[in-house]
Amino acid sequence: MKRYLFSFVLLIISCTYTSAQTKPKLTQTIRGVVIDKETQVPIPGVNIVVVNSDPQKGTVTNENGLFRLENVEIGRQALQVSSVGYKTQSFDNIVLVSAKETVMRIELEESVTSLDEVVVKANVPKDQAINKMATISARSFTVDETSRYPGSYGDPARMAANYAGVMSVRDNRNDIVIRGNSSTGLLWRLDGVEIPNPNHFAASGTTGGPITILNNNLLTNSDFLTGAFPAEYGNALAGVFDLKMRTGNNEKREYWLELGYNGLEFGTEGPFSSNNKASYLVAYRYSMVDILDLLGAEVETTKYQDLTVKLNFPTSKGRWTLLGVGGTSYIEMFDSNDKQGDWTFDEWGEDLSNGSQIGAISLTNLQFLTSNTRIQTSVSLQGSEVTTKIDTFDLANQTPFLWAGEKSSEVKASIGSQLNSKLNSKNNLSLGFILDRYYISFADSSISNGIYDIDTDISDQFNLYQLYTQLKHQFTDDIELYLGLHGQFLDLNNTYAIEPRFGFSWDVNEKNTIKLGYGLHAQMQLRAVYFAQSKLTTGEYITTNKNLDFSKSHQIVLGYDHLFSESLRFKFETYYQYLYDIPVKQTLPQYSVLNFGAEYFIERIDSLENKGTGENYGVELTLERFLKNDFYFLITASLYNSTYTGYDKIERNTAFNGQFAFNALAGYEIRVYTNNVITLGLRTSYAGGRPYVPFDVDETLAQKQEVLDWDNAYTLRPSDYFRVNLRVGYKRNRKKFSIEYAMDLQYRTNYTSVYERRIDPTNGKVYNNYEMALYPMALWRIQF
């Protein structure tokens with residue numbers, strides 16, 4: 001660890017020394033558009049001022065809501081935006097670099113009580129979701145936070161693990177547990193369109209992976225919701241990532257090159273021509289291990305690459321947007337290439353290969369019907385495929401033999417539309433629909449007692465229909481009420497769900513806010529679950545899960561926010577969730593799908609029935625200082641309980657019931673020689689060990705295959721988990737380019753993180769595979 005730190009400090013010192021002479025202050029341009037938050041219509045005549053500029057620098061939006069501020073000093077700046085009849089807002093910590101213009105999309109909220117300007121405290125929007133319908137258990141986050149927070153690696157999911165109520169499943173993946181719910185209950189959306197699991201090396205049915213496909217260089221401010229979310233979000237039980245991708249610069253071509261944890265990346269953006277405002281945004285990444293392999297280095301086969309594209313075409317009454325995201329990954333872990341002492345087990349080994357591919361493309365049209373009404377319609381095609389092969393061998397027969405294999409694919413064609421109307425200054429209505437057409441193909445099998453058991457072998461297609469409506473009413477500027485209704489119908493088995501939603505927010509005064517939310521949420525089962533097969537005594541197979549109903553969850557949340565100052569906030573939330581119609585199994589009464597996501601692979605369990613339940617309840621505390629005077633911190637505490645009942649109606653811990661989690665992070669920025677910045681960040685995490693199902697050693701030896709001790713399901717738990725992250729970075733700005741260096745060190749004490757448990761069926765020996773104690777990550781980025 002000392003060697004990594006020493007080398008990086010030397011790099012920073014050398015870079016600083018080369019720029020030690022005093023340089024003139026560099027400047028950059030801030031430009032963008034100001035729109036009405038509800039109608040999305042541009043607002044002319046808005047006053048925009050650079051806070052603390054001397055002499056004061058400001059401008060006014062033109063008839064199209066556009067503004068431009070030139071020669072603004074680089075670094076962190078703040079804007080105050082005001083207009084008669086709208087709430088005045090401040091936008092802090094806008095990061096200006098020398099090589100890239102800052103293009104903003106500012107949304108102002110109309111005042112409902114007066115035509116006079118109403119001042120909103122600078123950091124209040126930080127606690128509020130971008131989605132105007134979200135009243136509780138929701139917050140927006142910035143791209144800057146995904147890079148600035150230690151241990152985030154530019155990944156929104158890893159960054160969210162710092163928030164109250166959120167825990168990571170394991171360090172080498174970014175699956176997250178929200179309030180004790182399975183990670184499979186998370187919904188991913190990008191620019192309003194649902195997308196498949198956006199991660200490399202993703203297992204079938206999961207929502208996470210080791211490396212994100214999402215590129216934080218392309219994202220803009222987005223929302224993260226953890227419960228009782230609005231009616232426009234359906235088919236999810238745990239939470240929502242509602243991500244937004246920025247549009248490319250429509251006036252100037254810009255480029256960047258990055259080398260780091262996520263690989264080698266090249267990106268570009270700019271206008272198609274100087275004659276119109278159409279723009280493009282493109283980024284491509286290639287794995288570092290693959291590059292080393294091409295250079296002749298002997299490395300483990302770990303390959304991945306991804307491509308993201310966004311094309312934006314404004315029209316006189318709206319815009320067309322084409323969005324594409326895709327990635328492919330492949331890994332091999334072959335014991336047959338190693339010496340016996342390095343095999344998975346003492347006397348036999350495994351050769352594992354896994355490949356995954358995901359892709360999504362959407363075409364979206366936004367049309368303004370009137371000044372107060374707009375409709376947005378999207379057509380998308382998305383798909384994912386996972387292939388896995390596991391061969392085994394032993395000392396007696398070292399030729400690998402196929403033990404298990406899988407090839408699963410899902411393709412979804414989707415069309416969705418949402419109508420939004422600002423009825424008046426107090427009432428906003430939206431309604432919409434989503435139609436998903438699934439094309440699935442599942443095939444997987446494994447050897448049991450010398451015979452291949454076929455878990456799934458099916459190709460099929462079916463539809464999921466979703467309808468929703470929602471209304472937000474503002475009694476005053478301080479009191480608002482939200483009502484919503486969501487409905488789903490699955491024609492695979494003619495099941496349906498009706499889901500009411502409710503939210504209430506009251507700003508008691510400038511410093512205190514009380515919130516309340518409720519939602520009934522439903523989620524269809526993972527597609528592979530419907531087609532799990534049961535083997536009859538005749539040797540034939542039948543599907544026994546096809547008629548499963550939706551899993552459902554009642555969620556109620558009470559919250560309180562207090563602003564100590566413009567930059568210091570305290571937040572309290574308490575919640576209760578009751579889950580029901582959960583699939584369980586009569587012949588394995590301890591089993592429940594609520595524990596999906598605890599392992600890499602989603603089991604294909606047959607003969608399930610909707611007779612299980614679950615409970616999650618807890619308290620969440622957040623103390624947050626937003627970045628001010630170069631310093632910030634975030635401290636969160638979560639105390640919770642997560643249980644379930646199987647077919648036997650006995651209450652047990654879920655696999656995610658760690659019971660507590662504490663996170664603390666802080667950072668400081670040091671301005672060096674006018675145009676350069678040193679960044680420092682420290683994060684600590686302490687969480688309870690999560691329960692697991694132990695092995696039944698006697699039965700494993702008797703059957704010569706892994707057998708779990710279900711009689712003691714989730715009664716054991718590992719030691720509590722403790723981790724420290726340190727991040728050191730340095731940013732250099734020059735007139736035509738900017739360079740960033742960063743090193744992120746992750747340290748786990750006493751090898752407390754077990755990422756895999758295995759048992760050798762030949763001798764009953766249990767192996768705990770630990771994640772690395774010290775894990776360094778480096779990044780280098782140039783923008784020009």
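**View 1. T543 in strand β32.** T543 sits in strand β32, residues 541-543; helices (H or I, at least four residues) and strands (E, at least two) are DSSP runs, numbered from the N terminus. The model is predicted: local features need pLDDT of at least 70, side-chain atom pairs count only at pLDDT 80 or more, and totals for chains, interfaces and linings use all residues. Residues are numbered from 1 along each chain as its sequence is written, and side-chain values use heavy atoms, with hydrogens and water left out. T543 counts as partly exposed, at 35% relative accessibility. Buried means under 20% relative accessible area, exposed over 50%, partly exposed in between (1.4 Å probe, protein chains only). T543 touches Y530, F531, A532 and Q533, not counting residues up to four places away in sequence; contact means heavy atoms within 4.5 Å.

**View 2. The largest nonpolar core.** This core has 46 residues. A nonpolar core is a set of buried Ala, Val, Leu, Ile, Met, Phe, Trp, Tyr and Cys residues joined through side-chain atoms within 4.5 Å. F462, L490, M524 and Y591 touch the most other members. At least two residues of this core come from each of β26 (427-448), β27 (451-474), α5 (527-530), β34 (568-585), β35 (588-592) and β37 (631-645). Leaving out residues up to four places away in sequence, M524 touches N235, Y438, F462, L464, L490, Y530 and F550. Another core, of 33 residues, lies apart from it; A160, W188, L219 and Y632 are among its members.

View 3. F272, F313, W320, L322, I361, L363, L381, V411 and Y439 make a nonpolar surface patch of about 770 Å². Patches are made of residues with over 30% relative accessible area and no salt bridge; like charges are joined within 9 Å, nonpolar side chains (Val, Leu, Ile, Met, Phe, Trp, Tyr) within 5 Å. A salt bridge is a side-chain nitrogen of Lys or Arg within 4 Å of a carboxyl oxygen of Asp or Glu. Areas come from the Shrake-Rupley method with a 1.4 Å probe, and for residues only the protein chains shown count as cover. β22 (318-334) and β23 (348-368) each supply at least two residues of the patch. L381 lies in β24, residues 373-394. L381 is partly exposed, at 45% relative accessible area.

**View 4. The β18-β19 hairpin.** A hairpin of two residues joins β18 to β19. The strands run antiparallel, with seven bridges between β18 and β19 (residues 263-271). Two strands pair if DSSP finds at least two bridges between them. L264 in β19 is the bridge partner of L259.

**View 5. Backbone exceptions in loops.** Most residues other than glycine have a negative phi, and most peptide bonds are trans. A228 is not a glycine, yet has a positive phi of about 50°. A228 is found in the loop between β16 (219-225) and β17 (239-245), and is buried at 9% relative accessibility. N494, also not a glycine, has a positive phi of about 60°. N494 lies in the loop between β28 (479-490) and β29 (495-507), and is exposed at 54%. A cis peptide bond joins D54 and P55, with omega about 0°. P55 lies in the loop between β2 (47-50) and β3 (57-60).
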